Amino acid sequence: HQDRKERVSLLFASVTRWILILEMAFLLVFGLWGSAILSIFGPAFSAGFWALILLAFGHTINGAFGSAEMILLMAGRSGINLLNTVLLVIVNLGLNLLLIPKYGITGAALAAAISLKLVNLLRIIEVRFLLGVHPFRRSLLKPISAACLAFAVGASLLQIGSPWSYFSAISLPLYFGLLKAFGLEAGDR
């Protein structure tokens, strides 16, 4: 209400980056060891690996860019937010009807991931159009790059097999080390 768009834009970008940093760590863990984590519940649960990955990816997008929903609400645009939620339900239901018969639980996870991605893209476009702010800064590339490099190292070690696969655990500290090496933003400290 004070029309401080640059400040809102900077906060939007910072919150998006902070959430993305944490979400990428979870995505890294699930990507490397998701099957092993699921096998704790029994060998049959490992079959849900791709569903876990798709859900983790969908919620990473939702977590990182979901603050656009809060900005819409704070800007007094609750009607638009309600329409977005209705659209999310309709798209998710339609995709579930389309994907579950063919792909089972993985289809349901894919439907959720696609729905979350679409609604968050829509919210970001709305916030940009209505308020003139967006969360995108070059600093978002740091956690994405660090996670990709750490994942590549961990996946390579897992691919080599024992005893090297145990060293894949270095991927998580490597991710945070790379983030620090790439240079933290002032607000990240």
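Predicted model: local features only at pLDDT ≥ 70, side-chain atom pairs only at ≥ 80, totals over all residues.
Residues are numbered from 1 along each chain as its sequence is written, and side-chain values use heavy atoms, with hydrogens and water left out.

The protein chain contains 7 helices and 0 strands, giving the pattern α-α-α-α-α-α-α when read along the sequence. Helices here are DSSP runs (H or I, at least four residues), strands are E runs of at least two, and both are numbered from the N terminus. Along the principal axes, the C-alpha atoms fill a box of roughly 60 × 45 × 20 Å. Of the 189 residues, 39% count as buried, where buried means under 20% relative accessible area, exposed over 50%, and partly exposed in between (1.4 Å probe, protein chains only). The chain exposes about 11,000 Å², with carbon and sulfur atoms supplying 73% of this area; accessible areas come from the Shrake-Rupley method with a 1.4 Å probe, and for residues only the protein chains shown count as cover.

The largest nonpolar core has 27 residues, and Phe12, Met24, Phe65, Val127 and Tyr175 have the most contacts inside it. Such a core is a set of buried Ala, Val, Leu, Ile, Met, Phe, Trp, Tyr and Cys residues joined through side-chain atoms within 4.5 Å. At least two residues each come from helix 1, helix 2, helix 3 (67-74), helix 5 (105-131), helix 6 and helix 7 (171-182), and helix 1 gives the most, with 10 residues. Not counting residues up to four places away in sequence, Val127 touches Phe12, Ala68, Ile71, Leu72, Gly132 and Val133.

Thr16 lies in helix 1 and is buried, with a relative accessible area of 0%. Beyond its neighbours within four places in sequence, Thr16 is in contact with Ala64, Phe65, Ser67, Pro135 and Leu140. Leu10 is also found in helix 1, but counts as partly exposed at 40% relative accessibility.

Turning to open spaces, the second largest pocket has a volume of about 210 Å³. On a 1 Å grid over the protein atoms alone, a pocket is an open set of points with protein on both sides within 12 Å along at least five of seven lines, a cavity is a set where a 1.4 Å probe fits but cannot get out, and lining residues have an atom within 4 Å of a point. Helix 1 (5-39), helix 2 (49-65) and helix 6 (141-160) each supply at least two lining residues of this pocket, with the largest share, 4 residues, coming from helix 1. Its lining includes Met24, Phe49, Trp50 and Phe151, and divides into 9 nonpolar, 1 polar and no charged residues. Ala, Val, Leu, Ile, Met, Phe, Trp, Tyr, Cys and Pro count as nonpolar, Asp, Glu, Lys and Arg as charged, and the others as polar. A volume is the space filled by probe spheres set on the grid points, which are joined across faces, edges and corners.

Notes: Contact = heavy atoms within 4.5 Å.
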